[in-house]
Amino acid sequence: MFTPKLPNVLQIASFVDVKQHGYWLCPVRIANMREAYETQLAQIDIALVAMSDLVGTAIRNATDALLADDLTMAELVIAGDAEINQLNVDVEEISLLIAALEAPMATDLRLVMGAVRMSGSLERMGDLAVHIAKQVRLRYPSPSIPAELSDTFAKMGKAASKIVEQTGEIIATRNTGLADEMNKFDDILDNLHRELFTVVLSDDWSHGVESAIDVTLLSRFYERFGDHAVSVSRRIIQIVTGAPYSK
């Protein structure tokens, strides 16, 4: 029976910080096996925090593009999504390698398995920022939203920026107390989403069906952005406490 040859644990792939705020996989050699294992686990957190930073930049730039009808900024958000996607792939690869070669247990096992879910949520948050940017590109040079709704979307952008900032912090610090604060920002996004939904359905709406659809979709993107951030916080609670993940 053929047995595939797995790499030695001391040659397992590793994330390396590079000057241009990037990460790639390359071999590492660490003499102490326990040190190597702990380094590999730490690299998961480093990559997840990096994803949070990139997603935070994406949602801030996407909101700026939306409010200012800035095509150049929108294109920047769209182009930057590739780096987020690559980090998602990297997290999945190193998590699977650790699971296969190290047989992690307890908290370590929850981290390795949860990391795949968390990176998926962060990748999706990046996609939602891209959806906002693509809407700007689609409507340019016309405004993407009616002028009277700019303040509401500015509030949504601010709440989204805050919640992803705390996403990176809760990953880095394991401070589960931040989850309550993140829920508050998620509630703000939910309430603003409902508010906009009410506005476009009211008899006073005068911007037509196409604009109503645009506003509803954009609002939904922000609302889902918050939901994914909360999902990450619940994964961290599960990793730290061992309690079952609760939706």
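At 47% relative accessibility, Asp151 counts as partly exposed (buried means under 20% relative accessible area, exposed over 50%, and partly exposed in between, with a 1.4 Å probe and protein chains only). Lys155, at 45%, is partly exposed too. These two side chains form a salt bridge, with their closest N and O atoms 3.6 Å apart; the term means a side-chain nitrogen of Lys or Arg within 4 Å of a carboxyl oxygen of Asp or Glu. Asp151 and Lys155 are four residues apart in helix 4, so about one helical turn separates them. Helices (H or I, at least four residues) and strands (E, at least two) are DSSP runs, numbered from the N terminus.

## About the model

This is a predicted model, in which local features need pLDDT of at least 70 and side-chain atom pairs count only at pLDDT 80 or more, while totals for chains, interfaces and linings use all residues. Residues are numbered from 1 along each chain as its sequence is written, and side-chain values use heavy atoms, leaving out hydrogens and water.

## A pair in helix 3

Now look at helix 3 (residues 106–139), where Arg124 and Asp127 sit three residues apart, about one helical turn. Their side chains meet in a salt bridge of 3.9 Å, N to O. Arg124 is partly exposed at 32%, whereas Asp127 is buried at 16%.

## Across the sequence

Asp45 and Arg174 also form a salt bridge, at 3.1 Å between the closest N and O atoms. Asp45 lies in helix 1 (residues 33–68) and Arg174 in the loop between helix 4 (150–173) and helix 5 (178–201), so this pair ties together parts 129 residues apart in sequence.
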